[in-house]
Amino acid sequence: MSARVFVAVRPALHAVEDLVDFLEPRAGMPWTSPEQWHLTLGFAAAMPEHRLDDLAERLTSLAASTDPFPLRLRGGGCFPDALAARVLWLGVVGGESDLPRLAEGSRTRSRSSARRRTGAGSSRT
């Protein structure tokens, strides 16, 4: 079996609260719950389930080696269009060096976890 895996940065609580306030007059729209809001760094459509613990360990190590950095939300929109909005997107400013490094690191670790053979002699990224 396999699982769909998203690697993401979670917005700060104050940013989520501001977005909740902004979207409140639009109640009834099919938004996801604020607990699921994220900035996607990577996606694996079919990660073998038996590799998930290894991937979590690798991503935890990546996150621990990254200092906090500021991000600001700027701009946004929805698709497919404003009258039939199903997805809300927001632009991000900041993290010009940190976000690409995290995104590439998450993709590298996802690929390594997906390919990793069990047993001695396997290398870690």
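My entries follow, one topic at a time.

**Entry 1: overall layout**

I started by reminding myself that this is a predicted model. Then I listed the secondary structure: the protein has 3 helices and 4 strands. Reading along the sequence, I got the pattern β-α-β-α-β-β-α. I also looked up the extent, and the C-alpha atoms fill a box of roughly 55 × 35 × 20 Å along the principal axes. How much of the protein counts as buried? I found 26% of the 125 residues.

I picked Val-5, which sits in strand E1, residues 2-9. Val-5 has a relative accessible area of 13%, so I put it down as buried, the cut-off being under 20%.

I followed up on Glu-17, which is placed in helix H1, residues 13-23. Its relative accessible area is 43%, and I noted Glu-17 as partly exposed.

**Entry 2: salt bridges**

How many salt bridges does the structure hold? I found 3.

One of them is in helix H2. Asp-54 pairs with Arg-58 there, and the closest N and O atoms are 2.8 Å apart. Both residues lie in H2, and I wrote down a spacing of 4 residues, about one turn of the helix. Are Asp-54 and Arg-58 buried or exposed? Both are buried.

Next I moved to Glu-104, which bridges to Arg-107 with a closest N to O distance of 3.2 Å. Why are these two about one helical turn apart? Arg-107 and Glu-104 are 3 residues apart in helix H3, residues 98-115, so about one turn separates them. Glu-104 also forms a salt bridge with Arg-111, and here the closest N and O atoms are 3.4 Å apart.

Arg-107 comes out at 35%, Glu-104 at 36% and Arg-111 at 40%. Each of these values falls between the 20% and 50% cut-offs, so I marked Arg-107, Glu-104 and Arg-111 as partly exposed.

I wanted to see what Thr-66 touches. It is placed in the loop between helix H2 (52-64) and strand E3 (72-79). Its side chain makes a polar contact of 2.7 Å with the side chain of Arg-101. Thr-66 is buried, with a relative accessible area of 13%.

**Entry 3: the nonpolar patch**

Which residues make the nonpolar surface patch? I wrote down Leu-71, Leu-73, Leu-88, Leu-90 and Val-92, covering about 340 Å². Strand E4, residues 87-93, gives the largest share of that patch, with 3 residues. I took Leu-88 as my example, and it lies in E4. At 34% relative accessibility, Leu-88 counts as partly exposed.

**Entry 4: the loop between E3 and E4**

I kept this loop for the end. Pro-80 is found in it, and the peptide bond from Phe-79 to Pro-80 is cis, with omega near 10°.

Is Arg-86 buried or exposed? It is exposed, with a relative accessible area of 65%; the cut-off for that word is over 50%. Last, I checked Arg-86 against Pro-25: they are 61 residues apart in sequence, and 16 Å apart in space from C-alpha to C-alpha.

Key
Residues are numbered from 1 along each chain as its sequence is written. This is a predicted model: local features need pLDDT of at least 70, side-chain atom pairs count only at pLDDT 80 or more; totals for chains, interfaces and linings use all residues. Side-chain values use heavy atoms; hydrogens and water are left out. Buried means under 20% relative accessible area, exposed over 50%, partly exposed in between (1.4 Å probe, protein chains only). A polar contact is a pair of N or O atoms within 3.5 Å; within protein, one must be able to donate a hydrogen and the other to accept it, and residues adjacent in sequence count only if both atoms are side-chain atoms. Patches are made of residues with over 30% relative accessible area and no salt bridge: like charges are joined within 9 Å, nonpolar side chains (Val, Leu, Ile, Met, Phe, Trp, Tyr) within 5 Å. Accessible areas come from the Shrake-Rupley method with a 1.4 Å probe; for residues, only the protein chains shown count as cover. A salt bridge is a side-chain nitrogen of Lys or Arg within 4 Å of a carboxyl oxygen of Asp or Glu.
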